[in-house]
Amino acid sequence: MAEPVRVRRLTEQEGQKLQRIVRRGSTSTVQFRRAMMLLASASGNNVPVIARLVQADEDTVRDVIHRFNEIGLVCLDPQWAGGRPRLLSDDDEDFVVQTAITRPTRLGKPFTRWSIRKLADHLRRNTARPIRIGREALRCLLVRRGITFQRTKTWKESADPDFDAKLDRIEYAINERPDRTFAFDEFGPLGIRPTAGSCWAPKGRPERLPATFHRTHGITYFHGCYSVGDDTLWGVNRRRKGIAPTWSALKSIRAARPDGAPPTYWPHNDVNAPASAARRAFAGGALPSSPNRSVRQGRTGQPRGGNSFGP
């Protein structure tokens with residue numbers, strides 16, 4: 001007849017730790033129940049009695065006792081891991097990541113970017129190092145390694161060798177001489193789009209407005225100026241683009257210096273203040289019908305009508 005399952009003799013340190021877990025309680029229910037199993041077994045109780053005490057299966061109690069006899073108190077923290085065992089090693093994951101960031105054309109593929117499906121198919125069919133991985137597992141692996149699908153973005157950089165020197169002069173003018181610094185920009189063409197309305201009407205074909213493919217209402221250019229020191233923006237709408245509106249705008253900048261001091265200005269500034277003002281001015285309703293109707297904006301930020309510079 002087989003001997004009953006019992007824990008081995010507890011050491012003084014093991015007994016004190018088990019009693020401390022049971023008396024003080026523990027944040028882990030698993031630790032608390034397993035400690036009770038071990039103490040009850042050390043007190044001479046058999047497996048069926050312990051199973052009724054902790055409301056567990058008898059096989060579970062036997063497994064805990066056997067694990068304690070093998071590894072000691074480490075059995076109080078079982079290393080459970082749910083789901084399927086890991087199939088890919090760290091080297092396999094590194095190979096998957098390296099393949100994902102390599103352009104498919106360099107690997108002999110007739111396309112320029114990987115999709116999850118194409119990448120998983122390529123890894124599975126790779127004769128040198130086949131790796132079987134599902135699409136969802138592949139997506140999770142790339143996310144965990146910080147690999148995301150990105151689109152190539154373009155940017156503009158100046159090829160002027162004196163770009164840094166000119167930028168330093170602009171920053172000096174803004175910070176040291178704001179009362180003499182002005183910005184000038186052109187924005188356009190502005191397409192005058194029809195504004196659709198809404199109303200109650202008999203059911204049928206709705207009223208339609210012509211699109212602006214042919215620009216039946218014309219186009220508009222906005223020439224704007226901005227005074228850095230006064231924080232004032234002014235501008236005018238033009239029917240066409242030419243040297244005359246540009247020259248008129250520069251004259252208005254000169255007239256803004258009544259003391260005769262030469263102003264400092266630069267075209268196409270990075271702030272794009274005139275363009276932003278044009279969008280705000282035209283967002284609320286129809287554009288002015290007069291070709292020389294201007295938009296002027298002061299410190300309050302509200303556009304108002306007024307002649308800013310010559311026709």
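Colleague: Which helix supplies the largest share of the lining of the largest pocket?

Modeller: First the basis: this is a predicted model, where local features need pLDDT of at least 70, side-chain atom pairs count only at pLDDT 80 or more, and totals for chains, interfaces and linings use all residues. Residues are numbered from 1 along each chain as its sequence is written, and side-chain values use heavy atoms, with hydrogens and water left out. Helix 6 (116-125) and helix 7 (135-144) each give at least two residues to the lining, helices being DSSP runs of H or I with at least four residues and strands runs of E with at least two, numbered from the N terminus. The largest share, three residues, comes from helix 7.

Colleague: What volume does the largest pocket have?

Modeller: On a 1 Å grid over the protein atoms alone, a pocket is an open set of points with protein on both sides within 12 Å along at least five of seven lines, and lining residues have an atom within 4 Å of a point. Grid points are joined across faces, edges and corners, and the volume is the space filled by probe spheres (1.4 Å) set on the points. For the largest pocket this gives about 630 Å³.

Colleague: How many nonpolar, polar and charged residues are in that lining?

Modeller: The lining has 20 residues, and Ala 100, Trp 114, Thr 148, Phe 149 and Gln 150 lie nearest the pocket centre. Ala, Val, Leu, Ile, Met, Phe, Trp, Tyr, Cys and Pro count as nonpolar, Asp, Glu, Lys and Arg as charged, and the others, Gly among them, as polar. The lining of the largest pocket splits into ten nonpolar, six polar and four charged residues.

Colleague: Which residues is Thr 99 in contact with, leaving aside its neighbours within four places in sequence?

Modeller: Thr 99 sits in helix 5 and counts as buried at 6% relative accessibility. Its C-alpha atom is 8.1 Å from that of Leu 119, 20 residues apart along the chain. Taking contact as heavy atoms within 4.5 Å, the partners of Thr 99 are Leu 107, Trp 114, Leu 119, His 122 and Leu 123.

Colleague: The structure holds two aromatic pairs. Which parts does the pair of Phe 182 and Trp 234 tie together?

Modeller: Rings of Phe, Tyr and Trp (its six-membered ring) pair if their centres lie within 6.5 Å; planes under 30 degrees apart count as stacked, over 60 as edge-to-face and the rest as tilted. Phe 111 and Trp 114 form an edge-to-face pair, 5.6 Å centre to centre with 75° between the planes. The rings of Phe 182 and Trp 234 have centres 6.2 Å apart and planes at 70°, so this pair is edge-to-face. Because of where these two residues lie, their pair ties together parts 52 residues apart in sequence: strand 1 (residues 181-191) and strand 3 (residues 232-238).

Colleague: Is Gln 55 buried or exposed?

Modeller: Gln 55 lies in the loop between helix 3 (47-54) and helix 4 (58-71). Its phi is positive, about 55°, although it is not a glycine. With a relative accessible area of 67%, Gln 55 is exposed.

Colleague: Where is Asp 231 found?

Modeller: Asp 231 also has a positive phi of about 55° without being a glycine. At 35% relative accessibility, Asp 231 counts as partly exposed. It is found in the loop between strand 2 (219-227) and strand 3.

How values were computed:
Buried means under 20% relative accessible area, exposed over 50%, partly exposed in between (1.4 Å probe, protein chains only).
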